[in-house]
Amino acid sequence: MHKLFYPFIVKKQTLRWWVLGLFSGFISSQDNCVAQADSSGQAKKSSIVSLSAVTVRAIAPERFLVGQKIQHIDSVTLRQFQFGSLIDLLSLNTPIAIKNYGPGQLATVAFRGTSANHTAVLWNGININQPNLGLTDFSTLPVAGFDQLALQYGSSASVVGSGAVGGSILLGSNADWQRKFSVILGQQFASFHNNQTQAGVRYATALGQNWKLSGKTFAYRNKFNNRYPYTERQRYFLEPSTTAQRGFVQDLYFLHKSGKQFSVNAWLSDNDLIITPLDTIARERTRTQSARLLATYEVNRLTVRLGWIRDLLDYGKGNFDTPSHTETERLISRAEREFTLASTPSRQLNLRVGGEWSHYRTRTDGYGGQLIQEDREDIYALMRFQTARWLLSANIRQAFVTRFNPPITPSFGAEYQFIQRNHFTLTAKGSISRNYRVPTLNERYWIELGDPNLKPESGVNMEIGLAAKATVSDNLALTTELTAYHNRVDNWTYWNPAKAYHVENLQLVVARGLEFNTGLNYTQNRWQTGIRLGYAYTRSSQERVYDNYAQDVVGKQLPYVPIHTGTANAWLQRGKTRLSVQAQANSRRYSTADNSQFLKGNTLVNLLLEHSTKLGPVPVRVQGNLNNLFNALVVGVKQNALPGRNGSINLIVNFSSVN
Amino acid sequence: MNNQLKKSMAIGLVALSVWNCKTSDPEPTPFGDGVYVINQGAFLKNNGSLSYISRTGSTVATNIFVQANPTLAVSGGSGQGGNVQDYTEVNGKGLILVDNGTVGQDKVEVVEAGTFMSRATLKAPDIENPRLVIQAGPNKAYVSCWDVSGDYSAGTFYKDPGYIAVVDLNTGTVSKKIPAVKGVERMVLVGSEVFVGSNAYSGDKTLLVIDANTDTMKEKINFGATPEPIALDANGKLWIRAGKDMVRINPQSRLVEQRLTFASSLGTIAIGADKRAFYYTLGGRTSQFSIEATTATGTQVLNRSFSGALGIDPKTKQLYGSVIPTYDQAGYVIRYQPDGSLIDSVKVEIAPSGFFFR
């Protein structure tokens, strides 16, 4: 498959011009295209008026990543984790490797044997990774902060841009046009004196003749006091810590009857972590405050976005009054236009071209305190072709970064439905893509250790898969998917300890593996039951000998990436009562690059009992959670024990008036 | 790859159900006559350990505390629970100094010498940031402790003063904390007195003298530069590193007898087997100077230095040097004959930073 890719490297220059040409062509011939798309858009709309204008929205970007695995987390699971952290949800439902420093502390995720900064985190389509670190601390993202969650496996640089090397996590908000008004109130009472409160409203209303409004206003505050009744578990200390989280979400969607829509999304979050709070000399505070604002205007398949993200990071030890401060702002703008080049019942060809411009401003003690600014531009073209059996995509993106020259990143994908019967479909998938990661601001600008002349990491991702759906009977449905991948990332940056931790493009990492998941649902009268199983084999290793001692590291499994991971979710529901068992297991995680030390494999099992009822006119959902049922001892990166068996009671009131 | 993947997947599915049943039952290993390597471990990973190298071969036993006490490392890792700072033995007991990255989690593990069976664990607040340990009496050890450390840039990193924990090995407890100096670190026992200095970065210039009979402060000597007592030589004179200087003092009169000023502060220093010379690393070389030297001109022993520690085995006079390639992989101990010829190189554990010859 490397040979397939070869001509594109040779013809990189040509290709670059092609993209540029395409982009300028888009600008000059815009009027023409708008007219074209209008007619097709109109045709579509007329058939589905009742469903409102949702379907005239542009195709979700991930749908251009044909042949790649995507996992949508269903709303039932999201509701089950309404008081959970994203880390808990991911560890129990996906094979993603998690590196956890302790409750409420830094927790990062890695897809398919890559690292934390190879995971792009998108919120409503824009990358919200903290740009200094190039990653997201998932402990700061409660599930309550978003409405939708999907995981895009494998690299998707052509669609997402820098950093989507191992995979992407897609968080989203959605409009609810159905309900006029609803109130949601939630309260959690948990072990260790932890508690969480949520309150919000959703509303939808007509604004005059032509406009409709849908909105959500939501706030949460979470307090994790972590007052464990024990200080050690089997001689492993628990680390005392407290976390206070606050967040505010505001979504507003203004929809015109012609289909154009203007929306505003805002997510403010504040995460205040204190380690060893009782020791006034040694206590450490990490405060992360983020403001994320996004305005989107969609008309006739033209989408214009303007976003602003500010991340503040304050770290203090002992005395919290004079913390070391990092402040980073991004202004993001993006315009994209989708064209339906062909639309017949048997074939559909879509093209999307777009451009993005972001401006970064950062100031931190670590860079010497001066303001550092840079610009990043991306242009891209995404093409998707669908017939009855085939689904093909070809995408290309070129990024431009101040003082940088990221590679051009094409991707190709194909899906073919071998079997298309009423009760059974079998689809084969395949894709190949180039990916890259622009080094983080820290990697480039950190005084002395950083290197402004670093090269971007670049890689090639290939994957093939088979997906089957079977409806065995009216009551029994089975889905299953098997994927194999190979991802080779070169110029992998490394803070080289042999050179006093100066960062270098030293390593070559090859990740390959298999993912298997299957789900079985059975429904009978008032009974529902189901099981979802996932297994992943991940083999990821550093392959370059760059000095004498790298011999000991070559070919070894990357630290904190278990070779085997498995998840199992089973549930049984009768009427409005549902019992779920959520389990996660992983094999040993090596804690050093030469695999000389490791943390043992472990299994975590949680139980969840839910019941929905009514108190008078008010619908109430009660959840009882029992986490770490078997009291397994799991240690984090710092070799501190994570808490043993614990539980929570959650009360959720969701009162709505349906129009 | 495909076959391998299939096989692995099958194995993986089986492993899903059984991997938690895996247990390892290492046989008890005697850690008698040999050399212990103190592997500090990586910052924040709390994964220090002790390795054991025999004098007669190149075999290494790693993580010997866990080997001797398998039940104490139920969840993998080094099982030591912190960075290992120092080790010494007092009257048949070994003391392992374990420094965790988090306040309140430091320990001194007291083990049975030779078998490494755990006997007692000393914890916070008795032990906080333990640095070094020496024998201070027939059944007594002194552990220098920085105490809780704060923010380096705010000047609260070294608590003033640090303390010396007096460990009574009969009871396996800390019997007393002697207030010492800021950043208290190196200690040398001379008769019934202990000379105490501090970490070069602490800025404290006091040489503290403690009466080891009463465990009380006897004298504070202003030293002009931060004193780091190294060892007592064959003539009973105390050598102290003070910045670029190696200073020889008469421990009875407390008077400076000799001062050797080097180009820069010496790296790791080890006393020779006969206690008539000091070995040190400086400028990429390993050299030695005599205790009778009058000028700071050492004799080169090896044309290299060591990123870890340097030690001279008092029994064999062999030179031990350790290399720390990174803090994310095992380091090496390289052994040389007294004439500088290479014996072997053995892989140990994370960040080998000290030796204990027994």
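In this predicted model, B:Ser49 belongs to strand E2 of chain B, which spans residues 49–53. The residue is buried, because its relative accessibility is 1%, below the 20% cut-off. Beyond the neighbours within four places in sequence, B:Ser49 is in contact with several residues, including B:Val37, B:Asn63, B:Gln80 and B:Glu349. With B:Glu349, the contact includes a polar one between the two side chains.

A:Asp176 is located in chain A, in the loop that connects strand E7 (167–172) to strand E8 (179–190). A relative accessible area of 13% places A:Asp176 among buried residues. Its side chain approaches the backbone nitrogen of A:Gln178 and forms a polar contact with the side chain of A:Arg179. Outside four places in sequence, the contacts of A:Asp176 are A:Arg202, A:Ala204 and A:Ser214.

| Side chain | Partner | Distance |
|---|---|---|
| B:Ser49 | B:Glu349, side chain | 2.8 Å |
| A:Asp176 | A:Arg179, side chain | 3.0 Å |

Between the chains, 47 residues of chain B meet 52 residues of chain A. About 4,300 Å² is buried between chain B and chain A, with carbon and sulfur atoms giving 56% of that area. There are 3 salt bridges between chain B and chain A; in one salt bridge, B:Lys123 pairs with A:Glu232 at 2.5 Å, N to O. Polar contacts link 13 residue pairs between chain B and chain A, both residues being at pLDDT 80 or more. Elements of chain B that each supply at least two residues to the side touching chain A include helix H1 (2–18) and strand E27 (342–350). H1(B) gives the largest share, 7 residues. By class, that side of chain B comprises 19 nonpolar, 20 polar and 8 charged residues.

Terms used. Residues numbered from 1 in each chain as written. Chains lettered and ligands numbered in written order. Predicted model: local features only at pLDDT ≥ 70, side-chain atom pairs only at ≥ 80, totals over all residues. Heavy atoms only, no water. Helix = DSSP H or I, 4+ residues; strand = E, 2+ residues; numbered from the N terminus. Buried < 20%, exposed > 50% of the residue type's maximum accessible area, 1.4 Å probe, protein only. Polar contact = N/O pair within 3.5 Å; in protein donor to acceptor, adjacent residues only side chain to side chain. Contact = heavy atoms within 4.5 Å. Buried area = accessible area lost by both parts, 1.4 Å probe. Salt bridge = Lys/Arg side-chain N within 4 Å of Asp/Glu carboxyl O. Nonpolar A, V, L, I, M, F, W, Y, C, P; charged D, E, K, R; others polar.
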